[in-house]
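Subject: Structure handover

Hello,

Please find the structure below. My notes on it follow.

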Amino acid sequence: MLFWGQQGVAKNPEAAIEWYAKGALETEDPALIYDYAIVLFKGQGVKKNRRLALELMKKAASKGLHQAVNGLGWYYHKFKKNYAKAAKYWLKAEEMGNPDASYNLGVLYLDGIFPGVPGRNQTLAGEYFHKAAQGGHIEGTLWCSLYYITGNLETFPRDPEKAVVWAKHVAEKNGYLGHVIRQGLNAYLEGSW
């Protein structure tokens, strides 16, 4: 919504919330429903309302919005600590092409909390981070770069050139991160790290 202060429109959070609520509650547009659910979860300009937010998130997910399916996984992970339900939703969202879901699944494996899998599994985490990176996910891309620079995983043999290519993707999407990566690469090339 432009009332958040985008494209030359003056910031007006009250108007933004009003339009989000109107769009979510009066239309069947899953993107509007999802956006309003996020506003309610975060309490941006409104009182937090987790019950209504969850109801709206489920509605948007039932309409096939992969971001909402991923959001349900986030809800069950963050608020309920129900990793089985979180994984179920993230697997479904990943099948729908959501790179955030791929990343989230990687984190479950990395943290050793993927349901039914004992302990940490960096190899599977790396595979999910790679899928996320291929979808443009910045953190997934950083993990791929790290794995290629260290070569600690069989599926990511040490390959500084690939590490730089993945880091370049991040630099192109985020100028500040690009600057930090450039400093790190210069330090590496100068041998001063």
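A word on handedness before the notes: a crossing is left-handed if the near helix is turned anticlockwise from the far one by less than a right angle, and right-handed if clockwise. By that convention, α4 passes α5 in a left-handed crossing. Helices (H or I, at least four residues) and strands (E, at least two) are DSSP runs, numbered from the N terminus.

The model is predicted, so local features need pLDDT of at least 70 and side-chain atom pairs count only at pLDDT 80 or more, whereas totals for chains, interfaces and linings use all residues. Residues are numbered from 1 along each chain as its sequence is written, and side-chain values use heavy atoms, with hydrogens and water left out.

Overall

The protein has 10 helices and zero strands, in the order α-α-α-α-α-α-α-α-α-α along the sequence. Its C-alpha trace spans about 60 × 45 × 25 Å along the principal axes. Of the 193 residues, 36% are buried (buried means under 20% relative accessible area, exposed over 50%, partly exposed in between, with a 1.4 Å probe and protein chains only). Taking contacts (heavy atoms within 4.5 Å) between residues at least 6 apart in sequence, 37% join residues at least 24 apart.

Helix α1

Helix α1 covers residues 13–26, 14 residues in total. From first C-alpha to last it reaches 19 Å, close to the 20 Å expected at 1.5 Å a residue; the expected span is 1.5 Å times one less than the number of residues. Its buried residues include Ala15, Ile17, Tyr20 and Ala24, and the buried residues of α1 pack against α2 (30–42).

The axes of α4 (residues 66–78) and α5 (residues 83–95) come within 7 Å and cross at roughly 165 degrees. Axes here are lines fitted to C-alpha atoms, for helices over the stretch in contact, and angles run from 0 to 180 degrees between N-to-C directions. The two helices are therefore roughly antiparallel to each other (angles under 35 degrees count as roughly parallel, over 145 as roughly antiparallel, 65 to 115 as roughly perpendicular and the rest as oblique). Among the residues that meet are Val69, Leu72 and Trp74 in α4, and Ala86, Tyr89 and Trp90 in α5. By class, this contact of α4 with α5 has nine nonpolar, four polar and two charged residues. Ala, Val, Leu, Ile, Met, Phe, Trp, Tyr, Cys and Pro count as nonpolar, Asp, Glu, Lys and Arg as charged, and the others, Gly among them, as polar.

The loop between α4 and α5 holds Lys81. Lys81 has a positive phi of about 55 degrees although it is not a glycine, and it is exposed, with a relative accessible area of 51%.

On to the next pair: the axes of α5 and α6 (residues 99–111) come within 8 Å and cross at roughly 145 degrees, in a left-handed crossing. Residues including Ala87, Trp90 and Leu91 in α5 meet residues including Ala101, Leu105 and Leu108 in α6. That contact of α5 with α6 has eight nonpolar, two polar and one charged residues.

Two further residues

Leu124 is in helix α7 (residues 122–134) and is partly exposed, at 25% relative accessible area. Its C-alpha lies 15 Å from that of Pro157, 33 residues away in sequence.

Tyr176 is in helix α10 (residues 175–190) and is exposed, at 60%.

Regards
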